[in-house]
Amino acid sequence: MFRRLSPQQELPFDPLPAEVGEPIASAATTAGSRSPAPDELLRAAIADGRRMSGLLPLAEEAVRASPSDGHILLLAAVAALLDRDPERALKFLKRFAKRFVLVDAHHLLVALALAQQNKPAAARSILESHDLNNPFRAFVNFPAGEARQDWLYGELERILERHKPLRRKRATPVAEKHAALGKKIKPAGSQYGRVPIAAGKAPAGLAANAQSAGLPRIEVDIPFSTGIGLESLLAAIQNPPENDHGWYDLRERHARLGLAQGFDELLCLPHLRGIETFWYQVETVRKVLKQFRGRVLLADEVGLGKTIEAGMVLKEYLLRGMVENVLVLTPASLVGQWREELEAKFDIACSTTHDARSRSDPEGFWNEKRLIASLPLARRGEHAARLRARNFDLVIVDEAHHLRDRASQSYKLVDALNKRFLLLLSATPVQNDLTELYNVLTLLKPGIFKTLQEFRAAHMTPGKPRQPTDPERLRVLMRDAMIRNTRAVVALKLPRRHATTIRVDGSESERAAYQELTAAVRRLAAAGGAGNRMALHHLLGAAGSSPAAAAAATARFSARNPGEPAWEAMARRWASAGNGGKEASLLELLRRNPDEKKLVFVHYRDTLDHLAGLLREEGIAFARFEGSLSGPEKDAAIVQFRADAQVLLCTESGGEGRNIQFCNTLINFDVPWNPMAIEQRIGRIDRIGQQREVFVFNLVTRGTLEEQIIRLLDEKISMFELVVGEVGAILGGLDEDRDFAELMLDAWLQTTEASRNEALSTIERRLHEAKQQHEGAKAFDESLFGEDFEAT
């Protein structure tokens with residue numbers, strides 16, 4: 001009935017509370033002057049037999065504080081039952097069932113919850129099958145103890161239908177026959193008296209029944225003997241040990257082949273790197289593999305790790321030899337993040353549309369076995385034709401709400417692909433009306449809703465496209481194609497985040513150099529000549545990072561364009577600018593609270609080298625983490641950071657696949673134009689498992705494009721208050737074909753101030769609309785799905 005993780009844990013029960021009020025006193029005694037812990041408050045409330053409501057909030061807080069404590073989960077279920085919320089009680093009990101052996105206390109509480117849901121027959125069946133209809137056994141296994149004994153017996157009375165007294169009837173011949181045999185008719189009325197606590201003593205009701213039965217007690221002495229057959233063991237010991245490992249290897253291979261027959265044991269778990277997996281993720285992967293057979297919509301709320309779940313499914317299939325050709329389709333801004341996640345955490349190397357080969361040899365690139373592709377690029381005619389001609393074992397689509405329109409090229413591409421397994425990932429799969437749900441789920445299970453016309457007639461309220469006619473009937477169908485874990489169900493507690501943007505004034509020479517460079521770049525963009533967009537992006541980004549990076553970038557550009565002496569002069573100006581304004585702010589931040597570890601991110605290698613020299617001069621211990629390091633060198637950098645260094649200087653790959661949650665302070669020395677890259681940086685330390693508050697500092701120079709980017713993201717979508725992963729969901733509604741960085745570059749390259757302001761105002765408005773749409777979609781999906789699709 002309930003699926004359990006292996007290995008299972010035996011539940012350590014705490015002693016039953018003795019008297020009402022004692023848990024409070026003991027908590028105060030042991031805790032001294034500190035405030036009681038959430039679990040102590042819950043125990044005290046349950047031990048107060050006079051309190052019959054308002055316990056569920058205490059239970060929720062206790063579970064958040066101790067999500068792996070089995071006794072707390074059972075007490076939380078009791079609290080929910082006392083508050084007459086059986087649905088929430090069953091949620092707690094499901095979580096208990098995933099982690100612990102199903103003890104009788106669990107069965108008892110399930111029965112009580114079913115009874116409160118008006119399912120007395122099911123409740124009686126559970127009690128009888130576990131002999132819990134015996135009041136003494138029920139009490140012994142009741143987690144709440146004596147204080148709630150009367151409440152327990154009242155619930156059992158209602159379940160077992162003994163709350164109505166029996167009518168006395170005239171003795172019948174059958175009754176007289178029983179009397180002649182010395183038997184007595186069972187007396188009417190309740191069998192449940194108050195059970196004494198002392199172990200070994202039967203409750204008064206049971207003692208009375210035993211006496212009324214008049215059965216004699218018989219002493220029985222049955223002799224028996226036991227023996228242990230050691231012949232085979234002794235014979236094996238006498239044989240000489242084998243020198244080769246042939247038999248052992250065969251046995252191991254046999255065991256692995258046995259595991260491959262099912263998915264109860266996941267082979268991928270020992271192969272994950274730098275990942276702390278959680279019970280709901282493991283259970284989700286099992287459910288995807290066993291129940292959904294590799295075709296499912298993963299609709300977990302933002303921040304719960306849909307990418308990790310999809311990566312685990314992919315790794316499991318690869319280890320079992322069930323997939324070979326894999327395609328991951330994602331928004332352009334997430335291609336690099338997917339490559340890094342799969343390579344660093346799952347040891348899965350993929351070709352991506354960021355690779356030069358995608359442009360130099362498109363025929364060979366689109367026939368690679370493992371591809372991560374930008375969806376806008378993949379749906380283009382020539383690329384889509386190559387993909388449709390192939391067979392894929394597994395296709396993964398991130399931000400799958402982009403497939404909600406059947407008429408879109410994205411939907412048509414995914415629909416036309418030859419694919420065996422299909423994973424769709426979206427926290428908000430439905431944003432406008434129920435037709436979008438039909439479109440997305442039909443990709444997974446064609447025919448699940450029959451035709452669109454039949455779906456509308458059966459499930460959509462006329463004139464109200466967002467309102468299902470029968471929500472429960474629709475949920476029954478959706479359960480065959482969808483998993484949605486919520487933070488409420490998994491009791492996820494995210495750390496509090498504090499973000500501060502520090503705007504600095506560059507030196508006079510730095511400001512003049514930036515204005516000169518910006519004007520030159522705008523002239524190049526207007527002329528459409530010497531510099532392509534990538535070069536212009538690089539020049540402006542380097543100038544926003546540091547004078548050192550700007551000097552190097554302009555020098556390289558000048559070398560490629562020898563006929564333009566203005567660029568050579570510009571490179572000399574940047575080189576003479578010295579330290580920028582941000583360097584002084586960085587040193588000030590590093591000197592604050594010097595005992596705390598600090599993660600400093602930079603985008604440009606020249607800035608990294610410059611800061612390394614600066615920290616060395618200041619005597620600040622640091623380690624470097626960059627993409628050019630080997631695997632062992634990266635591991636050594638993390639060890640150095642943990643043990644000795646105050647600072648870890650990182651490029652964008654900083655901390656990939658490593659646990660650096662011992663650090664809770666992050667400094668963005670330069671700000672990436674791609675908001676997902678900013679979010680990815682924050683996600684290095686602000687993730688599930690972080691126990692402390694997280695501090696984020698952004699350094700920007702006034703008058704730069706980076707200042708405008710931070711202003712828009714902070715003011716219009718409150719980026720630094722969002723859960724990691726939510727920015728992508730919002731910006732996905734901004735422009736499907738062009739990412740945020742491109743839109744900002746276009747606006748900044750406008751040649752007049754009026755046109756720049758107009759372009760920036762347009763982006764502001766669209767950001768605001770995108771956030772409103774996202775919030776509306778979240779609310780709609782919450783009302784539509786609720787908590788009925790979690791992994792169980």
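**Exercise 1.** Find which residues of α26 meet which residues of α29 in this predicted model, then state how the two helices are oriented.

*Solution.* 
- Step 1. On the α26 side, list E510, A512, A513, Y514, E516, L517, A520, V521 and L524. Their partners in α29 are W567, M570, R573 and W574.
- Step 2. Sort the contact residues by type: 10 are nonpolar, none is polar and three are charged.
- Step 3. Take the axes of α26 (residues 508–527) and α29 (residues 565–575). They come within 10 Å and cross at roughly 155°.
- Step 4. Angles over 145 degrees count as roughly antiparallel, so α26 and α29 are roughly antiparallel to each other.

**Exercise 2.** Determine which residues of α31 are buried and what they pack against.

*Solution.* 
- Step 1. Locate α31 at residues 605–618, a helix of 14 residues. From first C-alpha to last, α31 reaches 20 Å, close to the 20 Å expected at 1.5 Å a residue.
- Step 2. Pick out the buried positions: T607, L608, H610, L611, A612, L614 and L615.
- Step 3. Look just past α31: G619 has a positive phi of about 75°.

**Exercise 3.** Is D670 buried or exposed?

*Solution.* 
- Step 1. Find D670 in the loop between β14 (665–668) and α33 (675–682).
- Step 2. Check its relative accessible area, which is 3%. Buried means under 20%, so D670 is buried.
- Step 3. List contacts, leaving out residues up to four places away in sequence: D670 touches S545, K582, F601, V602, H603, Y604 and R681.

Conventions. Residues numbered from 1 in each chain as written. Predicted model: local features only at pLDDT ≥ 70, side-chain atom pairs only at ≥ 80, totals over all residues. Heavy atoms only, no water. Axes fitted to C-alpha atoms, helices over the stretch in contact; angles between N-to-C directions. Helix = DSSP H or I, 4+ residues; strand = E, 2+ residues; numbered from the N terminus. Parallel < 35°, antiparallel > 145°, perpendicular 65-115°, else oblique. Contact = heavy atoms within 4.5 Å. Nonpolar A, V, L, I, M, F, W, Y, C, P; charged D, E, K, R; others polar. Expected span 1.5 Å × (residues − 1). Buried < 20%, exposed > 50% of the residue type's maximum accessible area, 1.4 Å probe, protein only.
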